[in-house]
Amino acid sequence: MLAAAPLGRAEDASVRLREALVDAPVIAAEDTRRLRRLAADLGVELTARIVVYNDVTERARTAGLVAELAAGRDVLVLTDAGMPGVSDPGYRLVRAAVAEGAPVTVLPGPSAVTTALVVSGLPTDRFCFEGFAPRKPGERARRFGALADEPRTMVFFESPRRLAATLAAMAEAFGADRPAAVCRELTKTYEEVRRGTLGELAAWADGGVLGEITLVVGGAPERAGLTEPAELAAAVAAREEAGTPRKQAIAEVAKENGAPKRAVYDAVVKARK
């Protein structure tokens with residue numbers, strides 16, 4: 001049984017979660033200290049056998065938890081906050097349980113993905129979840145380059161330490177004018193939702209940000225200008241011939257045609273080859 005845990009406030013816990021914490025014979029928890037704190041806040045006495053089930057132990061302990069299910073014992077899976085399996089342990093166990101024919105159920109509840117999405121003010125009719133961005137700059141740039149034309153609203157998780165670099169990379173790949181929202185400490189005492197363009201948010205985050213971060217970015221706008229790489233490269237070349245520096249020409253062509261600067265730059269490099 002996968003159970004959504006409160007993002008911050010214990011009072012957001014469902015009645016079913018309270019009952020499951022009391023009744024479950026086995027609890028697989030990402031952090032046992034967080035689990036015990038939640039139980040204490042809810043006035044619940046834990047009697048279950050508690051297993052640490054996190055990114056480090058997930059692979060090794062999945063088989064043992066499936067064996068518990070095969071023996072007829074329910075296993076309650078909780079992460080620190082939100083829904084297990086969404087950038088948190090849980091997916092591997094679900095796959096293994098399904099393969100063994102064991103029933104899998106979910107106790108619905110809080111999710112930082114949908115909470116941030118609806119509070120962002122960005123379109124919610126179509127969206128995609130992209131998890132954490134790659135840590136290495138090159139890999140991060142390639143990931144964002146591949147998402148530059150994604151029309152759906154995008155939701156990311158990010159570390160506060162890497163937020164400024166990620167926003168700057170997004171501004172480079174998606175365009176500094178792309179709308180976005182940084183959602184910090186959702187549902188907690190110091191909740192903050194900062195809305196603006198990627199350029200504005202990158203400048204704001206450069207001063208340092210604390211707390212749990214969920215980042216929502218608007219999808220790519222429908223392009224009305226040039227789209228083919230050869231056309232973009234030709235537009236840059238024409239401006240260069242008129243005396244505009246290449247970097248400025250790339251930025252101008254990208255802005256006028258609703259294209260990421262990275263895409264225009266790549267088109268110019270390819271044309272020169």
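**Cores, rings and cysteines**

Tutor: In the largest nonpolar core, which has 25 residues, the members that touch the most other members are Leu-167, Phe-174 and Val-217. A nonpolar core is a set of buried Ala, Val, Leu, Ile, Met, Phe, Trp, Tyr and Cys residues joined through side-chain atoms within 4.5 Å. Buried means under 20% relative accessible area, exposed over 50%, and partly exposed in between (1.4 Å probe, protein chains only). The model is predicted: local features need pLDDT of at least 70, side-chain atom pairs count only at pLDDT 80 or more, and totals for chains, interfaces and linings use all residues. Residues are numbered from 1 along each chain as its sequence is written, and side-chain values use heavy atoms, with hydrogens and water left out.

Student: Which element gives the most to this core?

Tutor: The elements that give two or more residues to this core are helix H6 (137-147), E7, helix H7 (163-174), strand E8 (179-184), helix H8 (198-205) and strand E10 (213-217). Helices (H or I, at least four residues) and strands (E, at least two) are DSSP runs, numbered from the N terminus. With 8 residues, the element that gives the most is H7.

Student: Which residues does Leu-167 touch, not counting residues up to four places away in sequence?

Tutor: Contact means heavy atoms within 4.5 Å. Leaving out residues up to four places away in sequence, Leu-167 touches Val-182, Leu-198, Leu-201, Ala-202, Ala-205 and Leu-215.

Student: How many residues are in the second, separate core?

Tutor: In soluble globular proteins, nonpolar side chains tend to be buried together. The second core is separate and includes Ala-20, Ile-27, Leu-38 and Leu-42; its residues number 20.

Student: How many aromatic pairs does a search of the whole structure find?

Tutor: Rings of Phe, Tyr and Trp (its six-membered ring) pair if their centres lie within 6.5 Å; planes under 30 degrees apart count as stacked, over 60 as edge-to-face and the rest as tilted. Over the whole structure, the number of aromatic pairs found is 4.

Student: How many residues apart are Phe-129 and Phe-157, which form one of these pairs?

Tutor: The pair is edge-to-face, at 5.0 Å centre to centre and 65° between the planes. Phe-129 lies in strand E6 (residues 127-132) and Phe-157 in strand E7 (residues 153-158), so the pair, which links distant parts of the chain, has partners apart by 28 residues.

Student: Is Phe-157 buried or exposed?

Tutor: Phe-129 has 29% relative accessibility and counts as partly exposed. Phe-157 has a relative accessible area of 12%, so Phe-157 is buried.

Student: Why is the pair of Phe-132 and Phe-157 classed as it is?

Tutor: The ring centres of Phe-132 and Phe-157 are 5.7 Å apart and the planes are at 65°, so the pair is edge-to-face. Phe-132 is in strand E6 and Phe-157 in strand E7, 25 residues apart. Phe-132 counts as partly exposed at 42% relative accessibility. Phe-129, Phe-132 and Phe-157 form one aromatic cluster, and the class of the Phe-132 and Phe-157 pair is edge-to-face.

Student: How many disulfides does a search of the whole structure find?

Tutor: A disulfide is a pair of cysteine sulfur atoms within 2.5 Å. The whole-structure search finds a total of 0. For Cys-128, which is in no disulfide, the nearest cysteine sulfur is that of Cys-183, and the distance is 15 Å. Cys-128 counts as buried at 7% relative accessibility, and Cys-183 is buried at 1%; the disulfide count is 0.
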